[in-house]
Amino acid sequence: MDMAALIAVIGVAFFFTYTNGFHDSANAIATSVSTRALTPRAALAMAAVMNLAGAFLGSGVAHTVSKGIIETPTGSQGMMILFGALVGAIVWNLTTWYFGLPSSSSHALFGGMVGAALAGGTGVIWSGVIDKIIIPMIVSPVIGLVAGYLVMLAILWIFRKANPHKAKRNFRVAQTASAAAMALAHGLQDAQKTMGIVVLALTIGGHQTTQDIPVWVKISCATMLSLGTYAGGWRIMRTLGRKIIELDPPQGFAAESTAATIMYITSYVFKAPISTTHVITSAIMGVGATKRIRAVRWGVAKNIVLGWFVTMPAAALVAALVYWITNLIFG
């Protein structure tokens, strides 16, 4: 039963990573596709490869997820908590994907972990939740908004005398690099979150005593994220690429390069599992505001931001319900 529970949890974790990939593929390539810098299939293929590569670039975020959010639960109860957390995150991912809402897969997972842990009577490390999740959730979009605005202003000033048509053509080429950097950063951040869950499951099951991430876990999580990315999340791509603002190549480059830089810094310096969705969406808003404030469709932006704040409690509620049901059947 214990081995069956472990296999079930790891299988659900891999499926969560797959939904994370197609839910968040828009984060890396929506701007490049909308500006026609890349064709949709070429962009997805590039993003899938870079996601795969990014997953092997670090482990700080994975360690935060595996030991910095909830106390390590034990036995079958621990497996049910992880199962509930993952199902809560998957349900929220699929719901927001259906409505084309770019919400955070990361915060859905964290909300699920907290909700299932509370339902199962396991301690939540609130200092870790506040320092590594809540504060970055508030600060990173603000930084993305401001930094996107400033980077775009700098580009406008530097290229103020350039031929507009030639500049746009060159920025289309540059967007290939910025989209690749964004996809690499997405792999660095999001594949590690599932790695942390799998390591936690192996620890609960008594198959691991250290925080080291086995190679097979890295390869499996990276591959599932990459496959999900290649599947593509077209509904969310339309929201990010067109509905917030109509982007041109310089704006797309500014948004992608800004978001990627923020994600690398938070991954390596702070080891904080931030939301790629929050960062790229806010960067797009900041970049768009340089055209004129009204150029950004703030009504769409408001719905997106409201979704961000609902994500954790909604996933937590679903996770708690799944835990109670699972405990009723198998407890």
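Rings of Phe, Tyr and Trp (its six-membered ring) pair if their centres lie within 6.5 Å; planes under 30 degrees apart are stacked, over 60 edge-to-face, and the rest tilted. Tyr18, Phe22 and Trp97 form one such aromatic cluster. This is a predicted model, in which local features need pLDDT of at least 70, side-chain atom pairs count only at pLDDT 80 or more, and totals for chains, interfaces and linings use all residues. Residues are numbered from 1 along each chain as its sequence is written, and side-chain values use heavy atoms, without hydrogens and water.

The whole structure holds 5 aromatic pairs. Tyr98 and Phe99 make an edge-to-face pair, with 5.2 Å centre to centre and 90° between the planes. Phe99 is exposed, at 64% relative accessibility (buried means under 20% relative accessible area, exposed over 50%, partly exposed in between; 1.4 Å probe, protein chains only).

Phe171 and Phe253 form a tilted pair, because their centres are 5.5 Å apart and their planes meet at 55°. Phe171 is buried at 9%. Phe253 is partly exposed at 23%.

Next, the charges over rings. Here NZ of Lys or CZ of Arg is within 6 Å of the ring centre and within 35 degrees of the ring normal. Arg41 places its charged end over the ring of Tyr230, 5.3 Å from the centre.

Now the surroundings of Ile70. Leaving aside neighbours within four places in sequence, Ile70 is in contact (heavy atoms within 4.5 Å) with Ile81, Met113, Ala117, Gly123, Val124, Ile125 and Leu200.
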